[in-house]
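Student: I am new to this structure. Please show it, and then I will ask about it.

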Amino acid sequence: MSVIYLLITVSIVVAITFLLAFIKAVKSGQYDDDYTPSVRMLFDDEIKKNPNNKLIQSQKEK
């Protein structure tokens with residue numbers, strides 16, 4: 001029975017360690033998306049569909 005208590009304790013410590021590592025990575029900008037904003041401007045001029053299934057042009061071309 002004492003092995004179960006030991007395993008539960010160890011698993012909680014490991015889970016807290018991973019949680020702290022994740023929070024540190026998020027705060028340091030590890031998951032920031034640096035690529036998408038740089039290529040978004042390349043796709044702004046594509047023809048877009050509106051909800052009524054009609055093709056419309058982007059506001060820049062009008």
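Predicted model: local features only at pLDDT ≥ 70, side-chain atom pairs only at ≥ 80, totals over all residues.

Student: Where is the place of Ile16?

Tutor: Residues are numbered from 1 along each chain as its sequence is written, and side-chain values use heavy atoms, with hydrogens and water left out. Helices (H or I, at least four residues) and strands (E, at least two) are DSSP runs, numbered from the N terminus. Ile16 belongs to helix H1.

Student: Is Ile16 buried, partly exposed or exposed?

Tutor: Buried means under 20% relative accessible area, exposed over 50%, and partly exposed in between (1.4 Å probe, protein chains only). Ile16 has a relative accessible area of 45%, so this residue is partly exposed.

Student: Where is confidence highest in the protein chain?

Tutor: The protein chain has an average pLDDT of 80. Confidence is lowest in strand E2 (residues 55-56), with a mean of 57. The highest mean, 97, belongs to helix H1 (residues 2-27).

Student: Which residues form an aromatic pair?

Tutor: Rings of Phe, Tyr and Trp (its six-membered ring) pair if their centres lie within 6.5 Å; planes under 30 degrees apart count as stacked, over 60 as edge-to-face and the rest as tilted. A search of the whole structure finds one such pair. With 5.8 Å centre to centre and 45° between the planes, the tilted pair is Phe22 and Tyr31.

Technical notes:
pLDDT = per-residue confidence, 0-100.
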